Amino acid sequence: MSKMSRFFLTVIIVGLAFIAGLRLYRMYENHVAQMAQEEPAGYTFNNVPIDYRPADPQEPVFRRLPQEKEQEVFLEDAPLPAEQAKQQAQETIVSVLNDYRQNPKIQAFYKDLRESCGEDITLDRLSGAELPQLMQQYPQLQTVLAKHAQDPEFAKTLQEIFTNPQFVQSVAVLQSGPNN
């Protein structure tokens, strides 16, 4: 036999061995799957299958019904009497303005108000119900306000104060008048 014939014969034998091994492995997989299906699904006692089906319960089983939608509950305080509401609003304004009391622009504004009016006038007095009375009593207030309103840093600070929701609500309460 020639070398070429031996080589091809070897390739044929190796190919047949591979195919035979593949078929044996598939037969083994089928046998394992069949054995798994034949095993009893229930309980066993000493490898003897026991066919146990639980009896229907004598008493009804209570289950919780699914809740459709959780409801949110908001608790609100009762509205305050008018006098207490105004007092609380005044305290809120004083508290908000105390946060800005150390601002140099606000201090300069207070200094100019003191010099022009001769009286200690603060933003909390200007924010309350006294504003119309103060404007009539001290017409120079408008010039001081106009002078400081031109300063962008002062305007920015006032914008921060006047956009505070608590401040806005308190000013609305204080300026609402005696009918509220």
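Colleague: In what order do the elements of the protein chain run from the N terminus on?

Modeller: They run α-β-β-α-α-α-α-α-α-α, which comes to eight helices and two strands. Helices here are DSSP runs of H or I with at least four residues, strands are runs of E with at least two, and both are numbered from the N terminus. Please keep in mind that this is a predicted model, where local features need pLDDT of at least 70 and side-chain atom pairs count only at pLDDT 80 or more, while totals for chains, interfaces and linings use all residues. Residues are numbered from 1 along each chain as its sequence is written, and side-chain values use heavy atoms, with hydrogens and water left out.

Colleague: Where is confidence lowest and where is it highest in the protein chain?

Modeller: On pLDDT, the predictor's confidence in each residue from 0 to 100, strand β1 (residues 43-45) is lowest with a mean of 64, and helix α1 (residues 3-38) is highest at 93. The chain has a mean of 82, and 89% of its residues reach 70 or more.

Colleague: How many salt bridges does a search of the whole structure find?

Modeller: The search finds three. Another of them joins K147 and D112 at 3.0 Å, N to O; with K147 in helix α6 and D112 in helix α3, this pair links distant parts of the chain, 35 residues apart. D120 also forms a salt bridge with R114, the closest N and O atoms being 3.0 Å apart.

Colleague: Which residues have the most contacts inside the largest nonpolar core?

Modeller: They are F109, L113, I121, L123, L126 and L141, in a core of 22 residues. Such a core is a set of buried Ala, Val, Leu, Ile, Met, Phe, Trp, Tyr and Cys residues joined through side-chain atoms within 4.5 Å. Its largest share, five residues, comes from α3.

Colleague: What is L126 in contact with, leaving aside its neighbours within four places in sequence?

Modeller: Taking contact as heavy atoms within 4.5 Å, L126 touches F109, L113, I121, L131, L134 and L141.

Colleague: Which residues form a nonpolar patch on the surface?

Modeller: M4, F7, F8 and V11 do, with about 430 Å² of accessible area together. Patch members need over 30% relative accessible area and no salt bridge; like charges are joined within 9 Å, and nonpolar side chains (Val, Leu, Ile, Met, Phe, Trp, Tyr) within 5 Å. Areas come from the Shrake-Rupley method with a 1.4 Å probe, and for residues only the protein chains shown count as cover. F8, placed in helix α1, is partly exposed at 45%.

Note on methods. A salt bridge is a side-chain nitrogen of Lys or Arg within 4 Å of a carboxyl oxygen of Asp or Glu. Buried means under 20% relative accessible area, exposed over 50%, partly exposed in between (1.4 Å probe, protein chains only).
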